[in-house]
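Have a look at the structure first, then read on.

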Amino acid sequence: MCRGLVVSVPYRSNMFPALETELKQETLPDPYEDFMYHHLQYYGYFKAERDSLPDSATHQYAWKNNPRLVLNGSFGERDLIPDPLQRKKLLYSSMLTSHLLKSRQLLHNEFGEANPRLREPRDLFGFFSGSAPLQAPRWPIECEVIKENIRHIGNEKLPEIVGEEKGTVVYQLDSVPTEGSCFSSSRVGGKRGDIKELAVTLQGPDDNTLLFESRFESGNLHKAVRVDTYEYELTLRTDLYTNKHTQWFYFRVQNTRKDATYRFTIVNLLKPKSLYTLGMKPLMYSQLDADTHNLGWRREGKEIKYYKNHMGDGLQPFYCLTWTVQFPHDQDTCFFAHFYPYTYTDLQCYLLAVANNPVQSQFCKLRTLCRSLAGNTVYLLTITNPSQTPQEAAAKKAVVLSARVHPGESNGSWVMKGFLDFILSNSPDAALLRDIFVFKVVPMLNPDGVIVGNYRCSLAGRDLNRHYKTILKESFPCVWYTRNMIQRLLEEREVLLYCDFHGHSRKNNIFLYGCNNNDRKYWLHERVFPLMLSKNAPDKFSFPSCNFKIQKCKEGTGRVVMWRMGIVNSYTLESTFGGSTLGSKRYTHFTTEDLKSLGYHVCDTLLDFCDPDQTKFTQCLAELKELLQQEIHKKFSALGQDMDLEGSWNDISLSDIESSTSGSDSSLSDGLPVHLLSIAHELNQKKMYKKKKKKPLQTRKQRNEQYQKNNMIWEFKSTEYAPERAEIASTLQKQPTFFKNSGNTSSSTIKNEKPRMNKRKKPRFTISCPPKRSTNTSQEQPAPDMKPNWSRNTFPATHRGGANVVSYPSLHIYTYP
């Protein structure tokens with residue numbers, strides 16, 4: 001700006017005639033001068049024509065070769081002024097008196113004279129000059145302000161990681177199978193031999209060292225290091241046969257001291273974000289409180305911090321969780337956990353009570369789905385009321401529920417327990433649900449991981465919820481048999497809903513992940529059940545947190561695999577490890593009762609979803625369309641576009657509108673372990689060998705050309721054999737009667753013969769034929785866009801001289817699947 005104002009002083013072109021020829025040959029139009037001209041003229045600071053601007057090259061050339069020369073903008077004369085101060089004053093005075101300049105940016109002193117510098121720009125830039133001093137804050141004149149400059153640093157003190165080099169190891173597991181090894185065998189009780197004492201030996205009654213232990217069901221602690229009198233650094237054990245997945249913790253401490261402030265710091269967590277940064281607290285259990293006051297798990301901890309650990313190995317970043325706690329009693333036995341534990345033994349005790357209940361055992365049949373990799377039983381529950389007739393049994397729709405595919409997400413088991421408590425109760429609503437549905441329930445999909453205290457994987461060292469498409473039955477039996485059971489169930493009856501119960505470590509509330517339906521006939525129908533659930537549990541369930549986008553990395557999950565098998569309402573239910581931000585539960589941690597109540601709300605929502613009065617369903621569908629329309633408007637507004645959505649907004653892809661499940665508590669698939677790659681390759685080769693080659697689909701043009709070609713060949717053959725047929729016909733007329741009859745049979749075959757490529761008319765079914773093993777009248781007619789799949793034994797066999805023998809399908813509730 002300053003340069004533009006200086007060079008704006010006009011001068012006569014004949015002031016330096018000796019330089020004109022040289023400058024015309026050496027100089028080109030200055031782009032800066034052109035820019036400044038338009039800039040000053042646009043803002044009204046310069047009113048002259050373009051030709052009155054001095055050429056900056058001429059100006060600089062003259063000033064460089066003769067610095068004593070100065071241009072007088074008012075008179076255009078040549079003056080020799082030896083004093084630099086006088087030259088500056090003359091230059092600025094000429095600028096101020098010039099009628100071509102219209103600037104208010106020059107500073108004036110108390111005498112009204114212009115200072116030789118410009119004002120700081122106002123309202124042009126949001127930042128200040130680096131050389132200018134900071135402007136002091138302005139106060140109201142009534143406030144007294146001390147002169148002292150108060151400043152604080154923002155670094156909060158975090159516990160410094162000391163490590164075992166400077167601390168004392170007080171607990172450490174001897175051998176932990178990690179990545180590179182694989183599961184080989186199992187036995188009840190684990191490793192053979194005597195149990196070693198891993199905790200330190202106390203030196204006397206005054207020794208206040210804590211005694212750690214985690215070698216129990218679902219326990220997870222690898223090492224404890226004492227770094228101060230009441231301060232310990234803890235290292236979690238990774239999932240067995242892996243080198244990662246550390247989030248779940250569950251361990252025991254003994255030899256506590258009352259009123260002393262202890263600090264625990266877990267140093268090898270792997271997730272960069274956690275609900276501990278939003279106020280979540282760890283769980284503590286006091287054995288003395290449980291024995292004397294009947295108190296169980298409770299949230300405890302102060303000074304809770306979740307931060308990055310800068311002492312990692314450099315291969316992957318670690319994060320720390322630290323908290324302080326005071327134990328309620330001396331010499332107490334206490335437990336700490338990431339969430340309320342629910343072990344494999346807890347499940348077995350619950351199922352044993354159900355099996356021994358004379359009433360519940362009438363409508364709940366307990367069977368073995370399969371054996372896990374370690375040989376533990378994976379249980380399958382079939383829950384339905386006995387039907388009066390086979391037709392009534394076949395008309396029931398199915399609901400499939402599962403939990404604990406991720407062993408460290410124990411909140412899924414508590415939701416499942418709440419569901420089982422209600423569906424097995426004597427409530428009229430529970431009886432109604434058992435009358436109209438067949439429930440297939442797998443309460444614990446990954447018992448091996450639950451037993452050993454894994455967070456995410458099975459003993460195969462992989463996340464089972466990424467392997468539902470697996471062909472390795474022996475390596476991933478739990479998910480293979482679950483998928484197979486659902487496939488067989490789909491052959492018997494319609495599966496209305498599939499839901500897998502999970503836990504989430506980074507988002508509050510409870511929500512669902514579903515799958516967008518591409519069929520316009522059922523558009524948005526997959527969102528009705530989640531919306532109804534949010535209305536039935538408004539203080540726990542958050543519909544805005546639900547997501548229905550299918551990501552490529554989620555293709556192996558149970559939700560997506562079951563959806564691709566034909567289950568429209570296929571969900572993953574995510575319940576937080578933290579608490580609620582909604583309604584009356586706002587800013588509170590979820591308890592086991594809260595999660596069990598959600599199991600009841602799932603049942604209640606099922607009744608609303610299948611209510612013969614479709615008022616609620618229709619209202620939810622209309623609300624969903626309105627919410628989607630608002631979301632589309634929001635998206636286009638964010639892009640700065642306007643769109644008229646009348647008549648065309650429902651054609652927009654839902655995947656384009658919805659964001660990805662970036663908040664999903666997921667892990668990417670690591671592929672198969674090395675020892676399973678060859679097995680999978682062999683099975684794939686056998687599968688490809690058995691699979692018949694399918695002809696590639698032809699285009700419409702190719703089909704038409706083939707049809708015309710075949711039609712021409714048939715016509716040609718018809719004309720070619722016309723004389724022979726005439727001779728045969730004349731010969732037949734001369735034959736006896738019985739030859740004529742036999743000839744009529746053959747001739748009728750020839751007459752009725754048609755070319756192969758001729759299109760056949762689709763049969764029109766006038767008699768309603770029910771589908772296999774279903775008597776639901778709403779499903780009697782085949783869908784117009786689906787081909788009926790008739791099996792060989794659909795129609796009853798007929799016997800001469802006797803009535804038709806009809807065999808009704810069995811209910812299949814007493815046998816697997």
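Predicted model: local features only at pLDDT ≥ 70, side-chain atom pairs only at ≥ 80, totals over all residues.

Residues are numbered from 1 along each chain as its sequence is written, and side-chain values use heavy atoms, with hydrogens and water left out.

Let's start with H13, which covers residues 477-492. Helices here are DSSP runs of H or I with at least four residues, strands are runs of E with at least two, and both are numbered from the N terminus. H13 has 16 residues and spans 23 Å from first C-alpha to last, close to the expected 22 Å; that expectation is 1.5 Å times one less than the number of residues. Among the buried residues of H13 are Pro477, Cys478, Trp480, Arg483 and Glu492. "Buried" is under 20% relative accessible area, "exposed" is over 50%, and "partly exposed" is in between (1.4 Å probe, protein chains only).

Pro477 and Cys478 turn up again in the lining of the second largest cavity, together with Ser372, Leu373, Asn446, Asp448, Ser458, Leu464, Ser475 and Phe476. On a 1 Å grid over the protein atoms alone, a cavity is a set of points where a 1.4 Å probe fits but cannot get out; a pocket is an open set with protein on both sides within 12 Å along at least five of seven lines; lining residues have an atom within 4 Å of a point. The second largest cavity holds about 70 Å³, where a volume is the space filled by probe spheres set on the points, joined across faces, edges and corners. The whole structure has 10 cavities of 30 Å³ or more.

**The second largest pocket**

The second largest pocket has a volume of about 1,600 Å³. Of its 40 lining residues, Gly189, Gly190, Lys191, Leu240 and Val452 are the closest to the centre. Two elements give two or more residues to this lining, helix H7 (344-356) and helix H12 (447-452), and H12 has the largest share, with 3 residues. The lining contains 17 nonpolar, 12 polar and 11 charged residues. For those classes, Ala, Val, Leu, Ile, Met, Phe, Trp, Tyr, Cys and Pro count as nonpolar, Asp, Glu, Lys and Arg as charged, and the others, Gly among them, as polar.

**Aromatics**

How many aromatic pairs does a search of the whole structure find? It finds 35. Rings of Phe, Tyr and Trp (its six-membered ring) pair if their centres lie within 6.5 Å, and planes under 30 degrees apart count as stacked, over 60 as edge-to-face and the rest as tilted. Take Phe264 and Phe327: their ring centres are 6.4 Å apart and their planes at 75°, so the pair is edge-to-face. This pair links distant parts of the chain, with Phe264 in strand S10 (residues 261-269) and Phe327 in the loop between S14 (318-326) and S15 (334-337), 63 residues apart. Both rings belong to buried residues, and both residues are in an aromatic cluster that also includes Tyr232, Phe251 and Trp323.

| Charged residue | Ring | Distance to ring centre |
|---|---|---|
| Arg434 | Phe363 | 3.9 Å |
| Lys473 | Trp480 | 5.0 Å |

Trp480, by the way, is one of the buried residues of H13.

**Single residues**

Most residues other than glycine have a negative phi. His245 has a positive one, near 70°, and sits in the loop between S8 (231-235) and S9 (250-254). His245 is buried, at 11% relative accessible area. Tyr587 also has a positive phi, about 60°, in the loop between S23 (579-580) and S24 (588-589), but Tyr587 is exposed at 65%.

Cys182 lies in the loop between S5 (168-172) and S6 (211-213) and is partly exposed at 37%. Cys182 and Leu459 are 277 residues apart in sequence and 7.9 Å apart in space, C-alpha to C-alpha.

Methods: Lys NZ or Arg CZ within 6 Å of the ring centre and 35° of its normal.
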